[in-house]
Amino acid sequence: MTESALLADLSAVLPADRLTTDPDVLESYAHDDAEWAEWSLPACLVRPCTPEEVQAVVRACLRHDTAVVARGAGTGLSGGANALPGCVVISLERMNAVLEVDELERLAVVQPGVVNDDLRARVAQNGLWYPPDPASSPWSTIGGNVATNAGGVCCVKYGVTRDYVLGMQVVTGTGELVRLGRRTAKGVAGYDLTGLLVGSEGTLGIVTEITVRLRPARPPEQTIAGFFDSLADAGETVREVAAAGLTPSALELIDRNCLRAVDDWKNMGLSADAAVVLLGRVDTPGAAGEEEAAALLAAFERGGATWADRSTDEAEGEALFAARRLAYPALERLGPVLTEDVCVPKAAVAEMLGRIEAIGLANDVLIANIAHAGDGNLHPLLVVPAGDDEARARAEKAFTEIIDAALALGGTVTGEHGVGLLKREGLVSELAPAVLDMHRAIKAALDPAGILNPGKVIG
């Protein structure tokens with residue numbers, strides 16, 4: 001069938017304002033934020049408003065044997081939402097309602113286009129809290145967070161998106177609209193299909209509604225900051241914190257390259273004082289929290305901090321963490337940024353940071369480091385001058401070497417950004433052939449026509 005026949009079919013099953021073929025609009029929806037991940041113009045963009053409209057699109061794509069790529073806000077960093085030639089892109093941005101907040105059961109039911117921070121603000125009105133907080137939380141959507149199993153700053157203590165998804169409504173690869181999971185506190189009926197769909201990057205189904213678990217609002221946090229002379233010292237301090245039996249509510253790393261970029265942009269005054277900054281937080285209330293904060297400060301000092309202190313001023317703590325969140329956009333001002341997302345055991349953080357530093361030097365690539373250091377999730381940011389093809393080739397080589405180094409230390413190729421396009425070769429290196437076959441069997445069972453985001457995750 002022809003593309004015109006597909007468009008005619010979609011026009012027949014959707015309201016007039018849902019379908020767009022304007023090339024300028026299509027280009028803006030054809031890719032996420034992953035640098036150098038391939039993308040093409042889709043045949044059209046569909047912005048549905050109901051689950052039934054999503055179902056109608058998938059069924060039309062089945063009739064025309066056309067790929068369909070779902071996307072949220074496009075903040076992904078692995079190419080998971082990138083369009084294929086002639087595909088249909090479904091943007092779920094208009095499905096952005098918080099449908100229910102249940103204080104007694106501590107859950108919320110949301111559409112996939114709800115922005116992460118908007119959900120957090122909404123449930124805060126009920127004295128509740130949704131913990132997953134990726135750096136993109138002001139813009140990224142819950143549907144996108146579900147697709148990649150997003151983490152964030154506080155997941156070192158509170159877990160990632162999968163830990164908070166109780167159930168979902170989803171359009172399957174066969175065009176069925178089904179509900180998975182539960183609303184109850186416990187439930188083990190059947191396979192955990194909800195957990196399987198979380199992190200599947202739109203390759204097993206298109207999520208049209210999510211039921212998320214909530215927690216009570218937490219007390220104010222105390223912030224502990226430490227300055228270090230080297231990445232190695234900061235990495236050893238991560239081990240020191242873990243060895244002390246501490247589980248802070250955040251433990252973040254930001255190096256001199258990031259600090260300098262943020263300073264040049266926002267004049268925050270940190271880079272003159274430190275090669276590396278570790279930022280820890282404690283949210284345990286009362287006397288126990290005071291003891292925990294003191295223990296975390298002592299761990300920083302044992303780890304070799306040249307300066308360390310704690311602040312109970314929430315505004316001051318937020319300002320310090322703002323530098324961490326600003327690092328990626330600050331570096332983008334210098335040129336294209338290829339973002340890594342490896343995760344290693346906490347005991348290997350210092351060694352991995354050292355290897356990243358050596359890889360950058362060996363390949364003559366500027367690598368800035370930010371990290372969810374407390375759980376070993378490292379984000380080396382490879383910065384390349386715009387238009388420099390030779391530098392790009394060196395950066396891509398360094399990217400692969402960082403993945404290999406993480407695997408050699410018992411780590412994984414992606415902690416929270418997903419496989420998408422950029423980590424497919426790394427996934428093949430990480431998983432045994434029999435395990436890859438299991439992935440392919442699941443894909444074939446749930447998407448027998450192979451139309452759901454083909455070529456992503458499992459190529």
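Two strands count as paired here if DSSP finds at least two bridges between them. Helices (H or I, at least four residues) and strands (E, at least two) are DSSP runs, numbered from the N terminus. The model is a predicted one, so to speak of local features takes a pLDDT of at least 70, side-chain atom pairs count only at pLDDT 80 or more, and totals for chains, interfaces and linings use all residues. Residues are numbered from 1 along each chain as its sequence is written, and side-chain values use heavy atoms, with hydrogens and water left out.

Start with the antiparallel sheet. V110 sits opposite I210 in β10. That pair belongs to the stretch where β6 (residues 107–110) and β10 (residues 205–213) run antiparallel, joined by four bridges. The sheet around them is open and has five strands, in the order β5-β6-β10-β8-β9, with antiparallel pairing. At its edges are β5 (98–102) and β9 (177–181), each of which pairs on one side only. Ignoring direction, neighbouring strands are turned by 15° against each other on average; axes here are lines fitted to C-alpha atoms, for helices over the stretch in contact, and angles run from 0 to 180 degrees between N-to-C directions.

Helix α3 (residues 51–63) lies across β8 (165–172), β9 and β10, and runs at about 45° to β8. Helix α4 (residues 116–124) packs on the sheet too, touching β5, β6 and β10, and its direction makes about 40° with that of β5.

A parallel arrangement turns up around β4 (residues 88–91). Strand β2 (residues 44–46) runs parallel to β4 and is joined to it by three bridges, with V46 partnered by I90. Strand β3 (residues 68–71) also runs parallel to β4, through four bridges, and here A70 has I90 as its bridge partner. Both faces of β4 are covered: V88 and I90 on one side, and V89 and S91 on the other, are all buried. Buried means under 20% relative accessible area, exposed means over 50%, and partly exposed is in between (1.4 Å probe, protein chains only).

As for helix packing, the axes of α9 (residues 256–266) and α11 (residues 314–332) come within 8 Å and cross at roughly 80°. The two are therefore roughly perpendicular (65 to 115 degrees; under 35 is roughly parallel, over 145 roughly antiparallel and the rest oblique). On the α9 side the contact is made by N257, C258, A261, V262, W265 and K266, and on the α11 side by A323, L326, A327, P329, A330 and L331. Also in α11 is A322, which is partly exposed, with a relative accessible area of 28%. A322 and A135 are 187 residues apart in sequence, yet 9.9 Å apart in space, C-alpha to C-alpha.

Finally, the structure holds four aromatic pairs. Rings of Phe, Tyr and Trp (its six-membered ring) pair if their centres lie within 6.5 Å; planes under 30 degrees apart count as stacked, over 60 as edge-to-face and the rest as tilted. Y130 and Y164 have ring centres 6.1 Å apart and planes at 75°, so this pair is edge-to-face. Both Y130 and Y164 are buried. The rings of F228 and F300 are also edge-to-face, with centres 6.2 Å apart and planes at 65°. This pair links distant parts of the chain, 72 residues apart: F228 is in strand β12 (residues 222–228) and F300 in helix α10 (residues 286–302).

Note on methods. Contact means heavy atoms within 4.5 Å.
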